[in-house]
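Me: I'm new to this one and would like a walk through it. Could you show me the structure before we start?

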Amino acid sequence: MTISESPGENSVTGVVAEHQALQGLTRLVTQASQRERLTIEEPYTGDPIGAIPLCGEADVELAVEQALEAQGAWAERSPVERASVLKRFRKLVLDRQTTLLDIIQLETGKARQTAFEEVQVVTMTAGYYSH
């Protein structure tokens, strides 16, 4: 998948609705049960690029419950362990930044530089809190 710099130049090349990265992200959405799906369209062409579940109140409640459980486990980790997790997360984001940039551009129509800034904020924040 490649995204060109300007929206007028066939901005999405070789992208299909079943793109693996997008499918992987939608599988991470917390759902209390199967939901109707909303088709997401590429902003410049209107072409479908994927679908996300339409979540409701029960899904939010489940996500909050799971987050509270995860926070308890996180609190039990030592500062060194937490720093290690954040360092690894930062490295994973940097290793996959091309894919992340493509996805940000694909779903929002943003310029590559703006997408890059978003990714860099994540890596800088993770780096800051890992020290």
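Reply: What follows goes from the overall layout to a few particular residues.

Me: Before that, what kind of model is it, and how are the residues numbered?

Reply: This is a predicted model, in which local features need pLDDT of at least 70 and side-chain atom pairs count only at pLDDT 80 or more, while totals for chains, interfaces and linings use all residues. Residues are numbered from 1 along each chain as its sequence is written, and side-chain values use heavy atoms, with hydrogens and water left out.

Me: OK, how many helices and strands does the chain have?

Reply: There are five helices and four strands in the chain, and from the N terminus on they come in the order β-β-α-β-β-α-α-α-α. Both kinds are DSSP runs numbered from the N terminus, helices being H or I with at least four residues and strands E with at least two.

Me: And how much of the chain counts as buried?

Reply: Of its 131 residues, 23% count as buried, where buried means under 20% relative accessible area, exposed means over 50% and partly exposed lies in between, with a 1.4 Å probe and protein chains only.

Me: Which residues make up the largest nonpolar core?

Reply: That core has five residues, namely Val93, Leu101, Ile104, Ala115 and Val119, and helix 4 (97-108) and helix 5 (112-129) each supply at least two of its residues. A nonpolar core here is a set of buried Ala, Val, Leu, Ile, Met, Phe, Trp, Tyr and Cys residues joined through side-chain atoms within 4.5 Å.

Me: Take Leu101, then: what is it in contact with?

Reply: Once neighbours within four places in sequence are left aside, Leu101 is in contact with Arg112, Ala115, Phe116 and Val119, contact meaning heavy atoms within 4.5 Å.

Me: Switching topic, where does Ala32 lie?

Reply: Ala32 is in the loop between helix 1 (20-26) and strand 3 (37-41), and it counts as partly exposed because its relative accessibility is 44%. Not counting residues up to four places away in sequence, Ala32 touches Ala58, Asp59 and Leu62. Ala32 and Asp59 are 27 residues apart in sequence, with their C-alpha atoms 5.0 Å apart in space.

Me: Last one: which residues form the aromatic pair?

Reply: The structure holds one aromatic pair, formed by Tyr128 and Tyr129, which is edge-to-face at 4.9 Å centre to centre and 85° between the planes. Rings of Phe, Tyr and Trp (its six-membered ring) pair if their centres lie within 6.5 Å, and planes under 30 degrees apart count as stacked, over 60 as edge-to-face and the rest as tilted.
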